[in-house]
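Have a look at the model first.

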Amino acid sequence: MRSRVPDEWVRQAEGNAEGATRAFEEGRFEQALRMADEAVRLSQKICKRQPGIGLWIDQLTSRLRTRAEVREALGHHRAALSDAHEAIAAHEAGGNPKYHLFVPDLHILLAELHAALGEREPALRHSGVIEQFRQALDSGDENTHLITARTLNRYAAVMLLLGDHERADDAARECVEILRPRIGQIRRISDIVIFGRMVYHLAQNTDPLDAEAAVKLIPLLQDGIDQMAMTVSVSPLAYGDPEQRDRGLAVLNLLERQSQLLTVLGAPGAAAVFEHHSYHLIDEPVRTWPETLAALRAVTDEAVRLRADPPVLGS
């Protein structure tokens with residue numbers, strides 16, 4: 001007969017795990033680490049009391065992964081590596097097989113950590129699991145598509161750290177191809193931000209950049225501008241939030257790149273309109289952005305159609 005796990009252990013472990021996740025998402029990393037430590041400690045204690053129980057193992061591996069992410073954010077890369085390896089070992093020993101992308105996800109985390117440490121060979125070795133995410137797309141499951149897009153974003157960042165720009169570009173392109181048809185249904189801000197950043201990456205790194213490439217990139221970049229702008233809060237209370245500032249800056253960067261693409265296309269007047277807004281949109285109330293951006297989309301639509309400046313440039 002198995003020893004009973006006290007309900008209090010379970011409640012405390014759950015409470016600390018939830019608190020760690022919340023603190024991590026809010027950027028309170030030191031607090032997140034303290035709570036993650038306690039969640040992992042209690043989960044290990046529960047697994048020791050009742051070994052081999054899938055539910056307890058799944059909870060432990062999830063909490064180890066959270067702590068690894070927190071430690072990564074704090075720059076404790078070696079400790080994070082240890083957590084990730086422990087989570088893989090625990091899952092492979094008795095985790096739920098339905099979570100078939102859990103271990104590949106941890107290998108991507110290991111690749112990120114090794115890349116941050118400048119350890120090229122292990123980073124490349126662990127990043128090879130990206131093929132498992134690509135293969136998972138055949139399932140047709142929407143959630144799997146979103147998970148794969150997020151993972152491709154992380155993989156692209158690893159490749160950039162390793163100096164492999166071709167693989168980074170391929171990953172960015174795949175990520176955009178997954179997200180673009182779904183962008184109207186996506187509600188998670190971080191997914192929209194990934195789309196905007198990957199679009200910007202493609203616009204920055206397409207080579208050769210000629211009029212033919214610009215014709216394809218301009219509508220894509222306009223989607224990125226519109227979607228990224230939607231992640232900027234209309235509330236003045238949000239202006240002190242670093243994430244809000246970063247997203248606002250990303251919109252300006254996308255507008256600036258759109259100006260450059262319009263110049264390549266042969267539409268200097270339209271390019272000047274976008275260049276103006278890349279400096280001054282941030283001065284406008286966010287509630288007016290949709291109207292401004294709708295006018296800008298009309299400019300790009302006509303510029304792409306004509307491959308020249310539209311007769312009327314609007315704003």
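This is a predicted model: local features need pLDDT of at least 70, side-chain atom pairs count only at pLDDT 80 or more; totals for chains, interfaces and linings use all residues.

Residues are numbered from 1 along each chain as its sequence is written, and side-chain values use heavy atoms, leaving out hydrogens and water.

**Helices α4 and α5**
- Helix α4 (residues 77-94) packs on helix α5 (residues 102-116) at about 160°, and their axes lie 10 Å apart.
- So α4 runs roughly antiparallel to α5 (angles over 145 degrees count as that).
- On the α4 side, the residues that meet α5 include L81, A84 and I88, while L106, L109 and L113 are among those on the α5 side (contact means heavy atoms within 4.5 Å).
- The residues of this contact split into twelve nonpolar, five polar and one charged.

**S127**
- You'll find S127 in helix α6 (residues 120-127).
- S127 is buried, at 3% relative accessible area (buried means under 20%, with a 1.4 Å probe and protein chains only).
- Its side chain reaches the backbone oxygen of L124 at 2.9 Å.
- Neighbours within four places in sequence aside, S127 touches I108, A111, Y155 and M159.

**T300**
- T300 sits in helix α14 (residues 289-306) and is buried, with a relative accessible area of 2%.
- The side chain of T300 gets to the backbone oxygen of R297 at 2.8 Å.
- Leaving aside neighbours within four places in sequence, T300 is in contact with I218, Q222, Q258, L262 and F274.

Technical notes:
Axes are lines fitted to C-alpha atoms, for helices over the stretch in contact, and angles run from 0 to 180 degrees between N-to-C directions. Helices (H or I, at least four residues) and strands (E, at least two) are DSSP runs, numbered from the N terminus. Angles under 35 degrees count as roughly parallel, over 145 as roughly antiparallel, 65 to 115 as roughly perpendicular and the rest as oblique. Ala, Val, Leu, Ile, Met, Phe, Trp, Tyr, Cys and Pro count as nonpolar, Asp, Glu, Lys and Arg as charged, and the others, Gly among them, as polar. Buried means under 20% relative accessible area, exposed over 50%, partly exposed in between (1.4 Å probe, protein chains only). A polar contact is a pair of N or O atoms within 3.5 Å; within protein, one must be able to donate a hydrogen and the other to accept it, and residues adjacent in sequence count only if both atoms are side-chain atoms.
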